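Grab the structure viewer and work through a few exercises. Each one comes with a solution that goes step by step.

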Amino acid sequence: EPQAEPRRIAVLGATGSIGCSTLDLIERNPALFQVEALTANRSVAALAEQARRVRPRFVALGDAAGYRELKAALEGSGIEVAAGPEAVVEAAERPSDFVMSGIVGAAGLPPTLAAVRRGATVGLANKETLVCAGELMTAEVSRCGATMLPVDSEHNAIFQVLDTSEPASVDKLILTASGGPFRTWRLDEMRAVTPAQAVAHPNWSMGAKISVDSATMMNKGLELIEAHHLFGFDESRIDILVHPQSVIHSLVAYVDGSVLAQLGCPDMRTPIAYALAWPKRMSAPVEKLDLAKIVMLSFEAPDPVRFPALRLARAALRQGGSAPAVLNAANEIAVAAFLAGRIGFLDIAETVERALERCAPSAIEGLQALFAIDREARACAEEIVADLAGRA
Ligand code: NAD
Ligand code: MG
């Protein structure tokens, strides 16, 4: 039967990889969706072009420097334009049924929290938000009656195959990882990796930050913490399995020995479509999975020596309190420094490890305390980066 009213959607981080895939699905299904708000950080031209196509009521730019240019570009369109971090939060606060949280980094926390606080359905791609504020976010989700649907492909896979009706029936969650572009490289080869090599992911086309995270496997470390908060499993009950073809997006092992998995071609439009249409399904323009053509799926254990980020993330999750927020903040600073050519590839995990050693662990007492921890960890990581950059 046809849907009575189109779902009203806000897309945060509309100009990014997740945002563009989301808009692609929306634009292919104009009867199902209506765009209420779009946001970006600095990509004025891309945001204006998207706005002219999908006609939202409201567009917001995170970086206020682009305000005049965006305003001019949308002159006469009737679309309301605002800029600054508060404007991005407003985009999440304005009425919509579904908010795609597609901003990269902890910058996505305030608008994601705003969407949760008005009880919206949130499609969560922005994993950093759960890594640095997992307890706070999940508490607010239940307090405010919001719905959080995982968009990250591994978590979306688990969401699809996890039977929550009988928690004792589940043994483990198994997150798959592609292993990134340096899966088979020797440590001495990894030392000289360039930003261009690190952002060239073998299976997925993604933004620069998450591509570097995949290359260091910090992405899987962040996802481990994300899975803990989304599904309530201890660190010891979440395994990581390297699976280079990225066809099995994750698995759930049950106590009777059954293992259930979700499979598909590596295209984020599948998990995004699942979130957009939930609890129904919608068709997505993705390549059909042809296992006979793929022939072989392979698996291996992650290498803890070449990919220390996994150990750091596990330790931070076990430690709890401020540790995951410090891990995330230091990683954001280190990845930016690596992309800017300031530090080497192996220095990314080194920066995170030193920041975790230097920042005294504390409990997180509310949002303001969390922001302070995030700021301090970034300052600390900047010092470590300067130190590592000077050493070269
Ligand atoms: P991206 O770099 O392609 O896009 C990021 C978007 O966020 C852009 O629209 C940018 O303008 C906006 N943005 C950046 N900084 C901002 C700020 N300070 N304030 C407001 N807006 C800001 O990133 P992406 O690859 O689309 O990833 C987005 C999020 O989704 C990340 O958390 C990532 O880990 C997660 N994710 C991405 C993929 C993927 O396939 N790309 C898969 C799983 C999870
Ligand atoms: Mg993922």
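## Exercise 1: The shell around the ligand

Around ligand 1 there are 27 residues, and the closest are Gly13, Gly16, Gly62, Ala107 and Gly207. Here a residue counts as near if its C-beta atom, placed from the backbone, lies within 6 Å of the molecule. A word on the ground rules: this is a predicted model, where local features need pLDDT of at least 70 and side-chain atom pairs count only at pLDDT 80 or more, while totals for chains, interfaces and linings use all residues. Residues are numbered from 1 along each chain as its sequence is written, and chains are lettered from A and ligands numbered from 1 in the order in which they are written.

**Task.** Work out which helices and domains supply the shell around ligand 1.

**Solution.** 
1. Start with the helices (DSSP runs of H or I, at least four residues, numbered from the N terminus; strands are runs of E, at least two). H1 (17-28), H6 (127-144) and H10 (208-216) each give at least two residues to the shell.
2. H1 has the largest share, with three residues.
3. Now the domains, whose bounds come from an automatic or database domain assignment. Domain 1 (7-150) and domain 2 (152-307) each contribute at least three residues.

## Exercise 2: Strand E3 and its partners

**Task.** Find which way the residues of strand E3 (residues 58-61) point, then trace how the chain gets from E2 to E3.

**Solution.** 
1. Phe58 and Ala60 point one way, Val59 and Leu61 the other, and all are buried (20 or more other C-beta atoms within 10 Å of their own, with C-beta atoms placed from the backbone; exposed would be 12 or fewer, partly exposed in between).
2. Strand E2 (residues 33-40) pairs with E3 in the parallel sense over four bridges; pairing takes at least two DSSP bridges. Look for Ala37 opposite Phe58.
3. Between E2 and E3 the chain passes through helix H2 (residues 44-54), a right-handed β-α-β crossover. Right-handed means that, with the strands pointing away from the viewer, the path from the first strand over the helix to the second runs clockwise.
4. E3 also runs parallel to strand E4 (residues 80-83), joined by four bridges, with Ala60 opposite Ala82.
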